[in-house]
Amino acid sequence: MTDKDNPTAGVARASGETVAEILSQDRRKAPAPLLESRYEFLGDADIPFTRYTSREFFQSEIDRLWNRTWQWACRQEHLQEVGDTWVYEVGPYSVIVVRSGEDTIQAFLNSCTHRGTKLFAREGSGYSGGFTCPFHGWSWHLDGTIDNIPARWDFPHVCDSGHNLQPVRCEQWGGFIFINMDPQARPLLEYLDVLPDHFQHFPLERRRIRLHVQKILPANWKAAQEAFMEAYHNFETHNSPNGANAQYDIFGKYVSRFIHNIGNYSVDALEDYPGDKWRNPPLTENEILQILSAYGLEHEEVPAGETARSVAAEDLRHRLGKKWGLDLSGISDSLMLDSIEYHLFPNMFFFPGINIPMVYRFRPNGDDVDCSIFDLMILEPLGDGETHPEPPDPVRVEIEQSYTEVEELGWLGHVYDEDTSNLQMQQEGFKTSRKPGLTLGNYQEARIRRVHMTLDDFMAGEGGAAEDYSGE
Ligand code: FES
Ligand SMILES: [Fe+2]
């Protein structure tokens with residue numbers, strides 16, 4: 001059923017307190033962007049399973065999406081010295097990002113302009129004074145201009161400028177280096193929509209990579225990222241009362257968000273869920289503080305007149321502020337505690353929170369439609385005046401390994417195991433279903449629909465180029 005003209009479709013919400021009501025009761029008030037909410041009903045038609053399983057659809061994404069959309073390749077901190085390189089790969093595409101001058105970062109296709117050989121074998125960091133092809137030794141300066149062609153006498157037909165490395169659009173925001181293989185792409189800042197405005201309040205350029213974990217997941221890249229776009233799964237997957245009243249925002253074609261509160265469980269929102277484990281009797285503030293103790297809190301009890309949420313936020317301000325040499329006294333309870341997740345089309349997630357400070361990126365794994373690469377970074381705030389240290393190398397976790405083997409993830413290890421535990425069964429379930437597609441909730445799963453709608457624009461050849469920008 002499609003109910004696009006029904007004025008009540010998408011209007012229903014969970015019972016109990018809303019995120020906005022919880023934020024309004026906080027001891028330290030949230031900044032303006034967190035008080036905004038924006039949602040519109042986008043339709044309720046099923047999403048075909050073939051978008052996750054078909055080779056043809058996957059190939060269309062390679063041909064029409066991945067070579068035309070902005071995507072972050074690495075962080076500025078990966079390229080601190082002139083000559084530092086990072087190779088980024090997505091599907092068949094490979095891009096070299098290089099600091100070619102003190103203030104210049106450029107990107108090029110990782111392909112020799114003689115007979116096409118890759119100049120770097122695989123993704124990751126490196127350093128070079130210039131680029132040399134391992135096959136016949138053609139070489140280029142860091143700015144991509146040709147340096148030397150051995151046996152130049154045999155190439156009178158080669159004009160140097162036509163054989164410079166092939167440039168790739170490269171722009172920066174929030175400490176991230178984005179690339180786009182479409183020369184006609186609109187500027188990154190337009191594509192980012194509300195992100196630059198909202199993230200003025202939580203500058204990601206003043207953070208550093210504390211941990212980067214990279215894992216192969218047994219599902220199409222869209223199914224994998226969609227496991228992180230809603231809090232509807234929390235009850236069943238995480239056995240948690242958390243997020244049943246989450247707020248979902250759609251800011252346009254490219255940006256969406258959820259906010260779900262930590263430390264205020266609005267258990268009335270669970271009225272339709274099986275059992276009454278969390279509701280009867282409702283959790284006391286001390287029991288909530290117990291749940292939050294995984295964050296490493298000083299208090300074991302909630303003082304009279306306080307809430308677990310305000311106590312936990314204050315304890316974290318002290319502990320983390322001291323650890324990082326930062327004054328966090330002005331940071332709102334929400335930013336200290338909550339799971340606040342912005343998604344940027346097609347595959348990027350940015351969390352502005354202090355205690356939940358993640359960045360995710362999902363992409364195809366080579367040409368395998370059933371498999372994806374999940375990059376997870378934890379971005380820690382830098383101390384006042386502190387410069388970026390050398391970033392850590394990615395920790396690679398094999399498909400069958402547990403996230404709990406990555407000690408630095410702490411309490412998050414088992415959460416990521418839970419989040420990723422359904423993926424293989426989902427990818428397999430797509431293929432055995434007689435029903436042709438996924439059914440989505442009108443509100444809680446609207447962000448997933450928004451991604452598919454924008455993906456359709458790219459499939460129709462209208463998604464990324466500047467002249468197609470509708471200003472929506
Ligand atoms: S293929 Fe690169 S120098 Fe020949
Ligand atoms: Fe989850």
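How many bridges join β15 to strand β16 (residues 348–350), and do the strands run parallel or antiparallel? Three bridges join them, and the two strands run antiparallel.

The structure is a predicted model, in which local features need pLDDT of at least 70, side-chain atom pairs count only at pLDDT 80 or more, and totals for chains, interfaces and linings use all residues. Residues are numbered from 1 along each chain as its sequence is written, and chains are lettered from A and ligands numbered from 1 in the order in which they are written.

**View 1. The protein chain as a whole.** The chain holds 14 helices and 20 strands (DSSP runs numbered from the N terminus: H or I of at least four residues for helices, E of at least two for strands). Its radius of gyration is 24 Å, close to the 23 Å given by the globule rule for 472 residues, so the chain is as compact as a globular protein of that length (taken over C-alpha atoms; the rule is 2.2 Å times the number of residues to the power 0.38). Along the principal axes, the C-alpha atoms fill a box of roughly 85 × 55 × 45 Å. Of the 472 residues, 41% are buried (20 or more other C-beta atoms within 10 Å of the residue's own, with C-beta atoms placed from the backbone; exposed means 12 or fewer, and partly exposed lies in between).

**View 2. Domain 1 against domain 2.** The assignment gives domain 1 (19–55 + 203–468) and domain 2 (71–180), with bounds from an automatic or database domain assignment. Taken over C-alpha atoms, their centres are separated by 34 Å. In contact across the boundary are 13 residues of domain 1 and 11 residues of domain 2 (contact: C-beta atoms, placed from the backbone, within 7 Å). On the domain 1 side, β12 (207–217) and β17 (358–365) each supply at least two residues. That side has five nonpolar, two polar and six charged residues (nonpolar: Ala, Val, Leu, Ile, Met, Phe, Trp, Tyr, Cys and Pro; charged: Asp, Glu, Lys and Arg; polar: the others, Gly among them).

**View 3. Strand β15 and its partners.** Five of the six residues of β15 (residues 339–344) are buried. Strand β14 (residues 255–260) is joined to β15 by six bridges in an antiparallel arrangement (strands pair if DSSP finds at least two bridges between them). Here Glu 341 of β15 is the bridge partner of Phe 258. With β16, β15 forms a hairpin that has three residues between the strands, and His 343 stands opposite Phe 349 in β16.

**View 4. The largest nonpolar core, around Val 97.** This core has 116 residues, and those with the most contacts inside it include Val 97, Phe 178 and Leu 344 (a nonpolar core: buried Ala, Val, Leu, Ile, Met, Phe, Trp, Tyr and Cys residues joined through C-beta atoms within 7 Å). Domain 1 and domain 2 each contribute at least three residues to the core. Leaving aside neighbours within four places in sequence, Val 97 is in contact with residues including Ala 73, Trp 86, Ile 105 and Cys 170.

**View 5. The sheet β7-β8-β9.** Three strands form this open sheet with antiparallel pairing. β7 (131–132) and β9 (146–148) are at the edges with a single partner strand each, so one side of each is left without a neighbour in the sheet. Two bridges pair strand β8 (residues 139–140) with β9, and Ser 139 has Asn 148 as its bridge partner in β9.

**View 6. Leu 455 in helix α14 (residues 446–459).** Leu 455 is buried, with 21 other C-beta atoms within 10 Å. Leaving aside neighbours within four places in sequence, its contacts are Leu 65 and Pro 346. Tyr 254 lies 201 residues from Leu 455 in sequence and 9.8 Å away in space, C-alpha to C-alpha.

How values were computed: Two residues are in contact if their C-beta atoms, placed from the backbone, lie within 7 Å.
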